[in-house]
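Please look at the model below and follow its sheet and helices in turn.

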Amino acid sequence: MTAHVAEQQLINPSGIARLAGVAPSTVSNWRIRDKSFPQPVNENAARPLFSVAKVTAWLKSKNIEVVNRPQAFVLADTIRGAVPVDRFVEVLLPLLCAEHWVRRSGTSLIHMVTNSSRKMHSQGGTFDVSPVITAAAQELTRSSPLVSSAIRGSLELVRQAWGDTPKLEHVCAVIADISDLSQAAEDIIEATARNAKSPLNVHSAPRAFARFLDGILPPGGRSFADLACGFGRTLLTASETRPGARLVGNDVNKPALEAAACQLFLRDLSADLDIADILQSEDGSSYDRVVLHPPFGLRVSETHALRPWLFGAPPKGQADLLWPQAAFEQLTEEGYAAVVLPTAALTRGGKAREVWARMIARGAIEAVISLPGNSQLNTALPVSVLVLRAHSESRGVLMMRLPDTRAFSNRHTNTTEEQQWEAYASAIQILSTWRDGGSGTTNMSVEVPTEKLLAPDALPTPQSWLAALSPLSKDRADQVAKKVQEDIAALENTIRAWEAPPSPQDLSPQVDAVPLRPVSELMLCIPRGSYTKPKDSDAADSATTHKVYTLSSLRSGEPEMFPVQTTRSTKPVIAERGDVLVANVGRKIITLVCRDEGGAEVDRNLGLVRPPKNAWDADFVAQQLMADHNQAMLSGATVQRVDIRQLLVPALPIEEQRAASEIFRQFTRFAEEAKAAAERADQYMSAVRNALASGSFTIATAPDGGRAQETTQEQAQVASAE
């Protein structure tokens, strides 16, 4: 790639962060604080673009190591600013296909241009590579019509965006340096799909999820169809796991289908791809393995409703109930299908419940696998996968729920594809073992008999069956019984140690009322702390942590540990022992007296009051700030606010303050003991409730048939009902 081509590349701030191996906030700091940092080449302040060559030179001048970028990003930077990001796929994938076609003859797009044209370019002129690309489109018209159409569309977009400029040649020069064209195409699609603002993200699934959909279907099968294939990720997966199987892909979106065709072409794979709406009409096709990952929330059109449905048409607005039926209808006699639906679709009543009941009675549903939120791109919506089978069996339905682990965190975390795949692989193994006749009962799955699923109030959701039907192992039963015994003993100890609440001293009327004075007149008041929690990306830049008093601290009584705030506009507010922290939570003022030796910073959501040590008792001040007359000073229609400086406290002598504080402290201790006892009681009730619900326990009784009266650990037990 020539230096002239490199100078044409543009990069955005997040790309600069990847280039330098730093957080995006660091790039922002460079732009603000270092006047030598390159200026944007465009006038869009919200989306600035920079010259890659100038940014690279600046980084090297600062002795900052430059990270090697993936070739897909280098290619994208070549057209950045000239083509909208959401059209990168439409422009670049077809050009990669044209390059792949040319490489079959042992050359490249650039080298296909005549020597005279290259000589003209070296002398300052331009040369035109579009005839070669057009020839590729013509050659592929019969063998790969969708690829041919994509190449022609790409050229049209290029002409509209670049006219007679040599931009296309610059792009082809970058493509010539790419060794693995198919990997570059997949990386471009991955980056585009993860852009929440891109309309194309609905046509793609995470890589690990595509492998999961393929993996939960039994091995083999002479045909594999993705009835809403989008960019074709599941087809690529099936080509690796099911060699020799006929691949079929349908989708209503032509650009997405063309992208799928391009990906398959770059891997020299063949597939029958067609633009079709499977809800519109039956085409009589049948397949051994079917995957369907449709768009959610599609409304039922009149045309869809008129089509006869095997298990019943849903009400208007519930197209989610049509997808499983459409997939089932296209199965061979020994076929299986995996259909993705929002979990909420399984919990609807009325006609929806009737559809599920008919499918269950027919034996069409083999398994229901529920996934936690964030398993899909750019949405936290929980989904479930229905595993369908064309042949009916006497066994029930395997209900499975994958736990909400770090593997299913959103795209802004460091979760890797392999972490997600490990979670999915465990589900695939459980389903495979159950298919082979093994037990389906694990810590996240259970087999539900068909007759129970057909009960009027039954729901085909794993959550409603796992706790009720999963039998307890002997070890687990022993753990439950031991937990009940421990809770009983702890509750008894709390009751024995319970001191009666102290009686407060009688309140004596004052001859002269004590005036209420504003806090700002009597003691130091800082209405707002200084600490602002860094963003996740900023926190990575901070290697040290320190104590910070936050809203959570007002409940726990202890400061939290947070990254050091590296950039500040104000002096930090540091709490000292005896300070009173103040905040309003909802419609209530709450306070906390700092018992820590000092050094903890105060969060910006808290205020600080520092009473003079010899004139004010900190506990007295904290309690008075929460008095009713101060609670009434909260203002605001929707967001309640309070001016801490205007809160009022009575100017009592220090001795009377301390006497009142002792009463407050005594009752606080009593309230804490009562709360602990209530928590122990709740734990005990929960343990007994869950033990009895499992069907494996009953309450132990005394030998005479009555309840055991002794409260010793040996007699207060939950016995196993064997």
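How many bridges join strand β3 to strand β6? Strand β3 (residues 223-226) and strand β6 (residues 287-292) run parallel and are joined by three bridges; strands count as paired if DSSP finds at least two bridges between them. Here Phe224 stands opposite Arg289 in β6. The model is predicted, so local features need pLDDT of at least 70 and side-chain atom pairs pLDDT 80 or more, while totals for chains, interfaces and linings use all residues. Residues are numbered from 1 along each chain as its sequence is written, and side-chain values use heavy atoms, without hydrogens and water.

Both strands belong to an open sheet of nine, with mixed pairing and the order β5-β4-β3-β6-β7-β9-β8-β10-β11. Strands (E, at least two residues) and helices (H or I, at least four) are DSSP runs numbered from the N terminus. On average, neighbouring strands are turned by 15° against each other, direction ignored.

Helix α18 (residues 417-435) packs on this sheet and touches β7, β8, β9, β10 and β11; contact means heavy atoms within 4.5 Å. The direction of α18 makes about 165° with that of β10, angles running from 0 to 180 degrees between N-to-C directions and axes being lines fitted to C-alpha atoms, for helices over the stretch in contact.

Elsewhere, helices α6 (residues 88-103) and α10 (residues 167-176) pack at about 60°, with axes 11 Å apart. The contact includes Leu92 and Glu99 of α6 and Val171 and Ile175 of α10.
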